[in-house]
Amino acid sequence: MAGGSLLAPSLANRQINYKGRTTIPVLLACIAAASGGLIFGYDIGISGGVIAMDDFLIKFFPTVYVRKHAAHENNYCKYDNQGLQAFTSSLYLAALFASFGASYVTSNKGRRPTMLIGGLSFLVGAALNAAAENLAMLIIGRMMLGVGSVPVYLSEMAPPKLRGGLNIMFQQAVNFGILCANLINYGTANLQPWGWRLSLGLAAVPASLLTLAAIFLSDTPNSLIERGHLEQGKSVLQKIRGTPDVEAEFQDLVEASRVASTIKDPFLSIFRRKNRPQLTMAVLIPYFQQVTGINVITFYAPVLFQSIGFHSNASLYSAVITGLMLIIGTGISIFTVDKFGRRVLFLHGGILMFIGQVVTGLVLAFEFNGNEELSRGFAVVILVVTCVYVVSFAWSWGPLGWLVPSEVFALETRSAGQCITVAVNMLFTFAVAQSFLSMFCHFRFGIFLFFAGWVVVMTLFVHFFLPETKKVPIEEMQQEWSKHWYWRRFAQEQENQDDSKP
Ligand SMILES: OC[C@H]1O[C@](O)(CO)[C@@H](O)[C@@H]1O
C-alpha cells in the first residue's frame, strides 16, 4: 500500500548500522512530513474559530447569526445548522474517497507525485476558502483540503520503521497545526470584517512548503526500488546519505521490496478468519478514537464555549488552552509509550476521559438550563475538566489510535489493515463533524454522557481484547494473537491451515 516499504522480517529488528549522515534532502523530507501534519492539524483547528466569528456568519449563515444573538433562546441549539456542519465535515468525506485513489497513485507512480498532488490540492483549497463568496466555494475548498490530507496520512503512516516515538511525532505535528489555528483565530477575530479570510488563507503557507519540497525532492529510494528502478534508487540513496558507500542499506531495501512483492492480495488476506483479530482492530481502533468525542473539542470548542455563555474572546482563548493540552498530552506519550506500554496509557487515559466527560455532562445538566450563561465558577470547572479530558486523550487514543494499528498487523495484512484504518478514521471524523451541533441541540448535556459511554466500552475493550504490542516485532505478531485468551480461536487456525475459510 501507498508505496510503503515492508521490511523483511529478518531485517525488521536488526541492529542497523548503515553509513551516511543527515543531508539536506533528508532534512527537507522531514520538513515535508512535518508540514503535512501541520496543515492537516491547521484545517482541523481552524473551522471552529471561524464559525464563531460574526462576519463569517453574517456572510454565509445569516440565520445562525440572528439566532446566536437572540436573547433567551435555547443556547444548545444556536449553531444547529447542516450547512455549517458541512463546512467542517466535507473535508473528511473527500479524504475518505481520496484514500482509495491515493494508495493506487503512490504504488504506481511513487511518493513524490502523491505529495505534489496533495500540496497543490491544499493550495487550491486554501485559496478557494480565503476568497469564498458563497457556501459552494467554502465547501469545495474544504474538499480540496481533504484530498490533500490523505497522501500525507498514507505516506506518514505506512512505513513500518516509523514506529513508537517517531510515529507519535507525526500526531504531534497535527497538534501543533491545531494550536497554530487556534492562536491565529484568536488574533484574526478582531480584524473585521475579513479576519476569517486570513485564518482560512494562511493554510497556504505550510501548503507551499509541502509543494516546494515535493518539487525539489527526488522520489524516495524505497519507492523507486519497489517500482523496479534499482539503479536510480541506488543513486538517490547515495545522494541522500551523502556517501557512495550505501551497499548494505541498498541490499536491505531490495530484499524488503522482494518480500513486499511476494505478499499477494492483502485485502483478501485480512478478511480470512484467522486474521479476524487484525480486521477487528483495523476497524474498531479508529472508530473508538473518533467516538471519544475529541473532535467535538478540536472542531467546535469555540462554538461550544460560546454556547454555554463564554464571551467571544474567552471562547477563542479557551480553544488555545485545549490546543496546548493536546501538545502536552502527546509529549507525555512520546516519552512513556515505549516504557509503560500501550495498554497502560489507554487504560489511564480512558478513566480520566470518562471523568472529564461525566463532570461536564453533570455540570451542564444541573447548572445550565440552556437559557442563561453558566456562572463564572462553573465555567472554570468546565474548562478544567475539558483540559483533563483533552490531555488524557492526547496521551492515549490520539497517538495510539495510529500507532497501535501500525503494530498489530502481520506482514501479509499490513497494507490492507492500514488502508482500512485510515478510511474508518476519516468516515467517523466526518460523522462526528456532520452531526455534533445537531446532537448537542437534541441531546443537550446528554451528548457528553453519550461519549462517556463509548469511552467505557473502548476501555473495557482494551482491557480484555488488546494484547500489549510494545517491542513486539512484526513477524511475531501472529504468535501474540495465537496466545491471546480470546483471539487464539481465530489466530490458531493458521496452524490448522484453514486459510481459505472466509
Ligand atoms: O489530536 C487530535 C486530532 O488527532 C486526530 O485524532 C487524528 O489523529 C484527529 O481526529 C484529532 O482532531
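Helix α21 (residues 414-443) and helix α22 (residues 446-465) pack against each other at an angle of about 115°, with their axes 8 Å apart; here axes are lines fitted to C-alpha atoms, for helices over the stretch in contact, and angles run from 0 to 180 degrees between N-to-C directions. Helices (H or I, at least four residues) and strands (E, at least two) are DSSP runs, numbered from the N terminus. The angle makes α21 roughly perpendicular to α22, given that angles under 35 degrees count as roughly parallel, over 145 as roughly antiparallel, 65 to 115 as roughly perpendicular and the rest as oblique. On the side of α21 the contact (heavy atoms within 4.5 Å) is made by Phe436, Met439, Phe440 and Phe443, and on the side of α22 by Gly446, Ile447, Phe448 and Phe450. Seven of these residues are nonpolar, one is polar and none is charged, where Ala, Val, Leu, Ile, Met, Phe, Trp, Tyr, Cys and Pro count as nonpolar, Asp, Glu, Lys and Arg as charged, and the others, Gly among them, as polar.

This is a predicted model, in which local features need pLDDT of at least 70 and side-chain atom pairs count only at pLDDT 80 or more, while totals for chains, interfaces and linings use all residues. Residues are numbered from 1 along each chain as its sequence is written, and side-chain values use heavy atoms, with hydrogens and water left out.

The largest nonpolar core holds 121 residues, of which Ile51, Phe56 and Trp397 touch the most other members; such a core is a set of buried Ala, Val, Leu, Ile, Met, Phe, Trp, Tyr and Cys residues joined through side-chain atoms within 4.5 Å. Helix α21 gives the most to this core, with 13 residues. Apart from this core lies another, of eight residues, including Leu237, Ile240, Phe250 and Leu253.

Trp397 is found in helix α20 (residues 397-408) and, at 1% relative accessibility, counts as buried, a term that means under 20% relative accessible area, with exposed meaning over 50% and partly exposed in between (1.4 Å probe, protein chains only). Leaving aside neighbours within four places in sequence, Trp397 is in contact with Ile285, Phe288, Gln289, Thr292, Phe346, Met353, Met458 and Val462. Trp397 and Arg342 are 55 residues apart in sequence, and their C-alpha atoms are 9.8 Å apart in space.

Beyond four places in sequence, Gln278 is in contact with Val408, Phe409, Ala410, Thr413, Gln478 and Trp481.

A disulfide is a covalent bond between the sulfur atoms of two cysteines, assigned here to a pair of cysteine sulfur atoms within 2.5 Å. The structure holds one disulfide, formed by Cys77 and Cys441 with their sulfur atoms 2.0 Å apart, and with 85° about the S-S bond this link is right-handed. The pair links distant parts of the chain, 364 residues apart, with Cys77 in the loop between α4 (62-69) and α5 (82-109) and Cys441 in helix α21. Both Cys77 and Cys441 are buried. Cys180, by contrast, is in no disulfide, and the nearest cysteine sulfur, that of Cys387, is 18 Å away; Cys180 is partly exposed, with a relative accessible area of 33%. Cys387 is likewise in no disulfide and, at 11% relative accessibility, counts as buried.
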